[in-house]
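Here's a short tour of one protein chain, written for anyone new to reading structures. Take a look at the picture first, then read on.

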Amino acid sequence: WGVPHRDEAEATRWFRRASEHLIMFGEMEADKEHGVHMPDQDLRYLQLAADQGYAEAQFRLGFMYSEAWLVPGFDEDKARRYLGLAAAQGHPEARRELEVLDDRHPVGGL
């Protein structure tokens with residue numbers, strides 16, 4: 001898993017834009033029941049920050065896809081990709097979430 005180009009200032013800018021709404025959505029625990037999703041533009045901002053190598057954005061996206069939280073549904077490939085990128089940068093929560101994902105959905109479908 002590689003990051004094509006790392007620009008910390010740009011990544012931080014995208015993450016802040018997405019985070020403004022993540023804070024609001026973070027308070028909505030009924031998301032799964034009511035189908036509340038992050039607006040496409042905010043999700044794109046978070047993806048841009050993650051693609052710029054921002055570990056916290058990578059972790060949050062991976063977590064969101066692993067829990068089907070604020071995204072349309074569970075996506076194991078995206079969850080593993082983003083959590084793996086964050087874990088490779090030493091993000092401890094990403095490492096733990098990868099372990100949880102492995103326990104629930106073992107690689108190879110065991």
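This is a predicted model: local features need pLDDT of at least 70, side-chain atom pairs count only at pLDDT 80 or more; totals for chains, interfaces and linings use all residues.

Out of 110 residues in the chain, 43% count as buried.

So what is the chain built from? You'll find six helices and zero strands, which reads along the sequence as α-α-α-α-α-α. If you take the contacts in the chain with a separation of 6 or more, 62% of them join residues 24 or more positions apart.

Now zoom in on one pair of helices, H5 and H6. Their axes come within 8 Å and cross at roughly 145°, and the crossing is left-handed. Here's who meets whom:

| Helix | Residue range | Residues in the contact |
|---|---|---|
| H5 | residues 76-88 | Ala79, Arg80, Leu83, Gly84, Ala86, Ala87 |
| H6 | residues 92-104 | Ala94, Arg95, Glu97, Leu98, Leu101, Asp102 |

Sorted by class, this contact of H5 with H6 has seven nonpolar residues, four charged ones and one polar one.

Is Glu10 buried, exposed or partly exposed? Its relative accessible area is 23%, so Glu10 is partly exposed: buried would mean under 20%, and exposed would mean over 50%. Glu10 and Ala49 are 39 residues apart along the chain, yet their C-alpha atoms are separated by 7.3 Å.

Key: Residues are numbered from 1 along each chain as its sequence is written. Side-chain values use heavy atoms; hydrogens and water are left out. Axes are lines fitted to C-alpha atoms, for helices over the stretch in contact, and angles run from 0 to 180 degrees between N-to-C directions. Helices (H or I, at least four residues) and strands (E, at least two) are DSSP runs, numbered from the N terminus. A crossing is left-handed if the near helix is turned anticlockwise from the far one by less than a right angle, and right-handed if clockwise. Contact means heavy atoms within 4.5 Å. Ala, Val, Leu, Ile, Met, Phe, Trp, Tyr, Cys and Pro count as nonpolar, Asp, Glu, Lys and Arg as charged, and the others, Gly among them, as polar. Buried means under 20% relative accessible area, exposed over 50%, partly exposed in between (1.4 Å probe, protein chains only).
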